Each structure stands twice: as structure tokens, then as C-alpha cells.
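The structure is shown below.

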Amino acid sequence: MGFHRINLTVNGEFEQVDVTGYMTLLDMLREKLVLTGTKNGCAAGECGACTVMMNGEPVNSCLVLAVECDEAEIVTVEGLASDTQLDPIQKALIDAGGVQCGYCTPGILIASRALIDRNPDPSESEIRAALVGNLCRCTGYMRIIEAVQEAAKM
Amino acid sequence: MNAYPGLPEFDYLKPDTYAEASEFLVAHAGEARPFIGGTDLFVQMRDRVLRPKYLVDVKGLEGMDEISFDNSQGLTIGAAVNMNRLIAAPEVIEHYQILAEAAQSVASYQLRTRATIVGNICNASPAGDTIGASLLLDGMLNIYGGQGMRQEPLSTFFLGPGETILQTGDIVASIQFLLPPDGLKGKYIKLGRNKLSDLSIVGVTAVGYPDADTKSGLHFKLALASVAPVPLVVEQVGEILGSTPVTEETLKGAAEAAMEACTPIDDVRGSARYRKLMVRNLSLNALRDVWHKLRK
């Protein structure tokens, strides 16, 4: 099984990585680039814990091959904050108490950021629809939805 | 051991031309598969249901990423156009709203960044959400095979669960829909175990449009998901609602015919009996919704 050399940008940094054809984007981020903020939940595109931004759109990184990311721009949860400044969605989620165990949080943050990027003033039902692919077993979702509403105002 | 191991080993190829891709698939018959978004394929591979030795990424082939529309040729959707892009396309919203409505019901936003209509069709699951709308809009597939490009109607594409008329080396390049009849209205009702994102227990797609050639002046079509080995178009619905004036009673009769026509099975998502009853109720709801839209 051969390796493929790919060039990509991850959180604004250029990366050159050698990957097998069958390595997922999720595994590359966690194992090769040690960006362990992105979580592996179901590995089947159901839970959304592995959600990252690929060329500006959210994807389930468990269902994307690393080799498909040649020349791509990837943003993970580690790339949301700049220096000491949290992204508004991060601050809002903390303020609203929308984090409990935290396992779903990286995926929720990316999916919410993507929603606000494409729809700066989402309604509650639009937020619910946008987060349908991000399962949270702790919070009951209400505080997460409140946080997205707050972040959209920032 | 990890409860969910990663993907089994395979080699990845991304050919530049249809000929190259098709020749490779033929040369490695049984070992190689084409893929686009992988949203279903990777899950089956992870579960070791499928173990291809080679995956052939066809997303880079000519026209795969294009969506085009004009009044004579209608809408052509490249096989690699993702569902989010389709849902947001102005020409789809204006002329093919039922297709957007069906695509919107597929899984989640981030999955739809990768999922495609052509992938949904080639996967040939009886539960495929966008297949009903594609059938009722008389979709035609542009398929590259060894002899070049050919066109096949979607109506005869499905042979069974996961089985299609595609031969080894065939690559579906796009799906085409001619301009639908004036005044066409549609409705997709999906019954899942939750309100959003699940696979369907029953899926009902209904369309209707004014038609001077029928006695009722209206032409209805109905397609069912998850209740037969293949996505099912219930021809009797068009006959019943075309031959007599459309009333609440004739709509009920058409919904009963849909229930009689389907052949569901018991599975993890629902029993056959439940599915039959839901086909009747949801077909009535979908047809009535379309009828009300047509009367406005």
C-alpha cells in the first residue's frame, strides 16, 4: 500500500504529510498532526464530534480521506481562537454553560461557526437544523442553542 | 481492540479521464470501486461489509462538479455536486423545489457537504431520500461506459437493494431533469425515528400538476421509499386521481392503492404492518398537501 504526499493548510499553517490512501482526515489530524481537539465518536458520520471545516464548509472528518485534502484548507477547533482571543462562539458557549463533559464541544463549535458564517442571524429552528448532526448527551441542547444565538449577536 | 476500527487498507487513485477510470475499474473488476462522497461507502467499509482493494476517486473527472440549467436541456447535476450546493442553487429552488426538499431531509448539514444525489442513487438503497423526487421528475442518468457516454432513464435503473443496471467500468457522470410541467407542486414526507436526520421508516414523495389530458384536469405521481426492494412509483395513484374528480374520498382511495402496492419488510426501524399503515396515512397527507397547493 503506497503513501501519498499531500500539501494542505491546517489552522493557517502549511503542512506536508505522507498518508496512506485509507487514512481518514480525522486520523491524520489526531495521529499525524497531534491536533487531538477533534474527537472520534461514532466514526460513521452520525455524532458530529469529528466535525472540522474543509474549504470553509463543515465535514465529518471521519468520512473524509486525508488524501482528498491535498491543497485543502482545514480548520479545527484549535484554529478558532486567535492568540488569547476566543472566537465569539467559544466565549458564548462558556458563558451559557453549554459545555459539560466536552466531548461534543469541538464539533459543536465548528458546526456553529459554519452556521453563523453562512447565516449571520439564524433563528432557533435554523440553529436546531444546523446542529442536527452534532449529538450531545449531557446538556439537553438548550444552552448550546442559547450560546449560538448569543454568538450570532457578537 | 477499538470498538470501531478505522477503514480497512486499500489503495487510492484519482484518474484524470473517464477512460482511465473506467479501464482501471474493468481491469480490477471485483476489487475496485468508484466513489464520490463516501458517506455510505466508508461506513460499510468500516463495518467490513465491503472490502475493496482499490478506491477510484471520480470527483475530478470533467463535468462532475458542474450544475447547469437551461429551458431546453433542463437541469444537469454533476455527480460530485454536493447536496448543500444543490439545495441552495437558484434554478433548483425555482423549478425543482421537491428535489431540494428531499435533499434537505438527508442526514445533517456536514454530511450533506459530502453527500450527492448521484451517490444516493447509485447506492440504490430503497430508503434513499432523493430517489423518489428524482424518479417523479423523470431523471435521466448520463453514464460513461467503455463505449463512451450513454443515457439511461432512472425508472429502469434499480434492480434490488444496492443493485442497479450499472456494469463494471460504468461511471455515472450526471443526472439530468427536463423542465417539469408548468405548475408542478410537490411534497416529501419522511417518517424517521426522530424528527430530523434519521433514515426513513417510510418516505413518501408526491407531485401533481395541471394536465388537460386527464378527466380530473390534474396529474398526480407518488413514489415510496423503504417499503419495497427498490424505490417504488405507484402508477395506480396517477390513474385513480386522473380518471375522476379529485376529492377527499378519491385521495383516500389513491392512498389505499399505495398501501396495497408496497411490499415492506420488518426491520430494526419498523415492522411491515406499521409501514403499510404509515404508507396509507402519509400518502394521503402528501397527496392532500399537493392538491391544496394546486388549488391555491
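How many residues of domain 1 of chain B are in contact with domain 2 of chain B?

## Domains of chain B

In this predicted model, 19 residues of domain 1 of chain B are in contact with 18 residues of domain 2 of chain B. On the side of domain 1 that touches domain 2, at least two residues each are supplied by helix 5 (97-104), helix 8 (131-136) and strand 8 (158-160) of chain B. Helix 8 of chain B has the largest share of that side, with five residues. By class, this side of domain 1 of chain B comprises 11 nonpolar, six polar and two charged residues.

The domain assignment places residues 8-61 + 68-180 of chain B in domain 1 and residues 185-295 in domain 2. The C-alpha centres of these two domains of chain B are 25 Å apart.

## Nonpolar core

The largest nonpolar core contains 147 residues. Those with the most contacts inside this core include B:Leu222, B:Val237, B:Ala254 and B:Ala258. Helix 11 (residues 272-295) of chain B gives the most to the core, namely eight residues.

Leaving aside residues up to four places away in sequence, B:Val237 touches B:Phe220, B:Lys221, B:Leu222, B:Ala254, B:Ala257 and B:Ala258.

## Contact between chains A and B

Between the chains, 26 residues of chain A are in contact with 24 residues of chain B. Strand 4 (57-60) and helix 4 (124-130) of chain A are the elements that give two or more residues to the chain A side. Strand 4 of chain A provides the largest share of that side, four residues. The residues on the side of chain A that touches chain B divide into 14 nonpolar, nine polar and three charged.

How values were computed: Residues are numbered from 1 along each chain as its sequence is written. Chains are lettered from A and ligands numbered from 1 in the order in which they are written. This is a predicted model: local features need pLDDT of at least 70, side-chain atom pairs count only at pLDDT 80 or more; totals for chains, interfaces and linings use all residues. A nonpolar core is a set of buried Ala, Val, Leu, Ile, Met, Phe, Trp, Tyr and Cys residues joined through C-beta atoms within 7 Å. A residue is buried if 20 or more other C-beta atoms lie within 10 Å of its own, exposed if 12 or fewer, and partly exposed in between; C-beta atoms are placed from the backbone. Two residues are in contact if their C-beta atoms, placed from the backbone, lie within 7 Å. Ala, Val, Leu, Ile, Met, Phe, Trp, Tyr, Cys and Pro count as nonpolar, Asp, Glu, Lys and Arg as charged, and the others, Gly among them, as polar. Domain bounds come from an automatic or database domain assignment.
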